[in-house]
Amino acid sequence: MSTSESISPALNQNKLAADIKSWGQEFGFQQIGFADAQLDQADKRLQAWLKAGFHGEMSYMQRHGSKRS
């Protein structure tokens, strides 16, 4: 076996997404989607959200805000 044969083929993201959606429907999910995992702006948005008081009475959100982003 050559080295190139031992390496798994490139992941086909479109097929994987289609498979996951199909499996989800088999389990009764009505909607299945995928989101980007870019979180570089997450902390800024969370801090603004907390500063605006949207956390309500959930004071732990403000105490541990950075841990959540």
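Here are some questions and answers about a predicted model of a protein chain. Residues are numbered from 1 along each chain as its sequence is written. Local features need pLDDT of at least 70 and side-chain atom pairs pLDDT 80 or more, while totals for chains, interfaces and linings use all residues, and side-chain values use heavy atoms, without hydrogens and water.

Reader: How many helices and strands are there in the protein chain?
Author: Helices (H or I, at least four residues) and strands (E, at least two) are DSSP runs, numbered from the N terminus. Going from the N terminus, the elements read α-α-α-α-α. That's five helices and zero strands.

Reader: What distance separates the end C-alpha atoms of H2?
Author: Helix H2 covers residues 13-26. The expected span of a helix is 1.5 Å times one less than its number of residues. For the 14 residues of H2 that gives 20 Å, which agrees with the distance in the model: 20 Å.

Reader: Which residue forms a salt bridge with Asp 19?
Author: A salt bridge means a side-chain nitrogen of Lys or Arg within 4 Å of a carboxyl oxygen of Asp or Glu, and a search of the whole structure turns up one. The closest N and O atoms are 3.0 Å apart, and the partner is Lys 15.

Reader: Is His 55 buried or exposed?
Author: Buried means under 20% relative accessible area, exposed over 50%, and partly exposed in between (1.4 Å probe, protein chains only). His 55 sits in the loop between helix H3 (42-51) and helix H4 (59-63). Because its relative accessibility is 9%, His 55 counts as buried.

Reader: Which side chain does a polar contact of 3.3 Å join to that of His 55?
Author: A polar contact is a pair of N or O atoms within 3.5 Å; within protein, one must be able to donate a hydrogen and the other to accept it, and residues adjacent in sequence count only if both atoms are side-chain atoms. The side chain joined to His 55 this way belongs to Gln 62.
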